[in-house]
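Reader: I am new to this structure and would like a close look at one part of it. Please take a single helix to begin with, and then connect it to the rest.

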Amino acid sequence: MAHAPDHADHVGHSPAHHQAPLGMYFAVFFALMGGTILTVIASHVNLGHWNTPVALAIAIIKATLVILWFMHVIHSPRMTWVIVISSFLWLGVLFVLMFSDYLTRIWNIY
Amino acid sequence: MRNPTLHELQHPGTSDDAHAHHHPFLQHHFEDLGQQHEASTLGMWFFVAQEILFFGGIFMAYSVYRHMYPEAWSAGAHHQNWKIGLFNTIVLIGSSLTMALAVWGAQGAKRKLTTVMLVLTLLLGMTFVGVKGFEYREHIHEGLFPGSHFTYVDHAHPELTRGVELFMVFYFTMTGLHALHMIIGAGLLIWFIKRAWRGDFGPEYYSPVEIMGLYWHFVDIVWIFLFPLLYLIH
């Protein structure tokens with residue numbers, strides 16, 4: 001495939017404007033495998049309260065790799081970025097508002 | 001008498017020729033395949049966005065109850081075999097790679113490669129669901145299925161028994177909804193394998209494979225979070 005110079009915000013072109021190099025897919029794949037192994041190793045080390053944050057941090061990095069490279073968001077129009085970012089923004093609102101309630105219920109017995 | 005399309009309005013006098021040379025999969029309400037590709041990809045992202053919030057709500061509930069019953073969550077996770085979980089994680093990441101390579105093949109007009117990669121994705125996906133079913137059978141055998149079948153008692157800490165049951169409610173709900181997504185994806189893959197083999201896809205028209213990929217990768221991402229949250233709590 002020819003390498004088209006531009007990829008963002010194009011309307012009126014053929015969709016065959018961007019075919020990522022094959023090596024990228026394998027690089028992301030091995031990074032995801034590495035992250036998986038790291039998650040397992042980290043879970044067997046006692047980090048106290050940090051075990052879950054570390055596991056989630058690795059998962060977020062893995063998810064970001066999948067979204068940007070496997071799901072081609074990195075080469076997508078800005079409108080796609082808006083949808084992707086706003087969906088996680090709403091997820092953040094859900095978690096922040098819910099925890100601002102549950103984490104401050106000191107009168108609860110549990 | 002049909003109404004003129006946007007294309008005809010903007011390019012008067014080209015109506016017959018334009019239709020004669022249209023790509024067979026170009027819908028009439030789109031200017032060209034590029035616009036159609038962007039519209040369909042964006043539409044799929046809207047769907048994925050609501051899926052993120054759909055699963056997000058369950059992850060939210062999981063977090064609240066884990067915060068309430070941390071010891072029970074830890075005890076519940078000890079009934080999960082992390083080695084099987086790791087195996088399934090590797091299988092699923094592998095299937096994401098083959099799915100991505102199927103899209104790559106379609107972009108490059110590699111009909112056989114696309115078909116083979118879609119078949120591999122289907123096989124890996126079914127392996128995952130099969131292993132999941134094996135795990136479910138073990139849990140049910142141990143009396144860990146919530147409700148009237150829940151016969152498990154934590155002898156070391158009997159007070160945690162009800163909390164472990166709640167953990168298993170989340171375990172079966174989250175992995176069950178995830179597996180349901182896999183099964184729906186497998187059904188779509190069978191249809192896509194047929195289309196790919198028939199030669200529907202190519203550099204001009206690979207949007208359906210791309211969109212199938214978005215769905216499959218999203219389901220992979222859900223598992224990336226489920227694996228540490230259900231198997232790796234100590």
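Author: Helix α7 of chain B covers residues 161-198, which is 38 residues. From its first C-alpha to its last it reaches 55 Å, close to the 56 Å expected at 1.5 Å a residue. After α7(B) comes G199(B), whose phi is positive, near 90 degrees. The model is predicted, and these values are computed from it.

M168(B) is placed in helix α7 of chain B. It has 22 other C-beta atoms within 10 Å, and 20 or more count as buried, so M168(B) is buried. Leaving aside residues up to four places away in sequence, M168(B) touches G76(B), L144(B) and P146(B). The chain also brings H78(B) into this region: 90 residues separate M168(B) and H78(B) along the chain, while their C-alpha atoms are separated by 11 Å.

Chain B also meets chain A. The contact takes 44 residues from chain B and 39 residues from chain A. On the side of chain B that touches chain A, α3 (33-68), α5 (82-107) and α8 (207-231) each supply at least two residues. The largest share of that side, 17 residues, comes from α3(B). Sorted by class, the side of chain B that touches chain A has 26 nonpolar, 13 polar and five charged residues.

The helix α8(B) can be paired with a helix of the other chain. Its axis and that of helix α2 (residues 51-70) of chain A come within 9 Å and cross at roughly 170 degrees. An angle over 145 degrees counts as roughly antiparallel, so α2(A) is roughly antiparallel to α8(B). From α2(A), the contact uses A55(A), A59(A), K62(A), A63(A), V66(A) and F70(A). From α8(B), it uses H217(B), D220(B), I221(B), I224(B), F225(B) and P228(B). The residues of this contact between α2(A) and α8(B) divide into nine nonpolar, one polar and two charged.

Within chain A, α2(A) has another partner. The axes of helix α1 (residues 22-43) of chain A and α2(A) come within 10 Å, crossing at roughly 170 degrees. That angle makes α1(A) roughly antiparallel to α2(A). Among the residues of α1(A) that take part are M24(A), V28(A), L32(A) and L38(A), and α2(A) contributes residues including V54(A), I58(A), L65(A) and W69(A). By class, the contact of α1(A) with α2(A) has 13 nonpolar, four polar and one charged residues. A55(A), K62(A) and F70(A) are listed in the contact of α2(A) with α1(A) and also in the contact of α2(A) with α8(B).

A57(A) also lies in helix α2 of chain A. With 13 other C-beta atoms within 10 Å, A57(A) is partly exposed. Its C-alpha atom and that of T39(A), 18 residues apart along the chain, are separated by 9.5 Å.

The domain assignment divides chain A into domain 1 (19-75) and domain 2 (77-110), with 22 Å between their C-alpha centres.

Key: Residues are numbered from 1 along each chain as its sequence is written. Chains are lettered from A and ligands numbered from 1 in the order in which they are written. This is a predicted model: local features need pLDDT of at least 70, side-chain atom pairs count only at pLDDT 80 or more; totals for chains, interfaces and linings use all residues. Two residues are in contact if their C-beta atoms, placed from the backbone, lie within 7 Å. Helices (H or I, at least four residues) and strands (E, at least two) are DSSP runs, numbered from the N terminus. Ala, Val, Leu, Ile, Met, Phe, Trp, Tyr, Cys and Pro count as nonpolar, Asp, Glu, Lys and Arg as charged, and the others, Gly among them, as polar. Domain bounds come from an automatic or database domain assignment. Axes are lines fitted to C-alpha atoms, for helices over the stretch in contact, and angles run from 0 to 180 degrees between N-to-C directions. Angles under 35 degrees count as roughly parallel, over 145 as roughly antiparallel, 65 to 115 as roughly perpendicular and the rest as oblique. The expected span of a helix is 1.5 Å times one less than its number of residues. A residue is buried if 20 or more other C-beta atoms lie within 10 Å of its own, exposed if 12 or fewer, and partly exposed in between; C-beta atoms are placed from the backbone.
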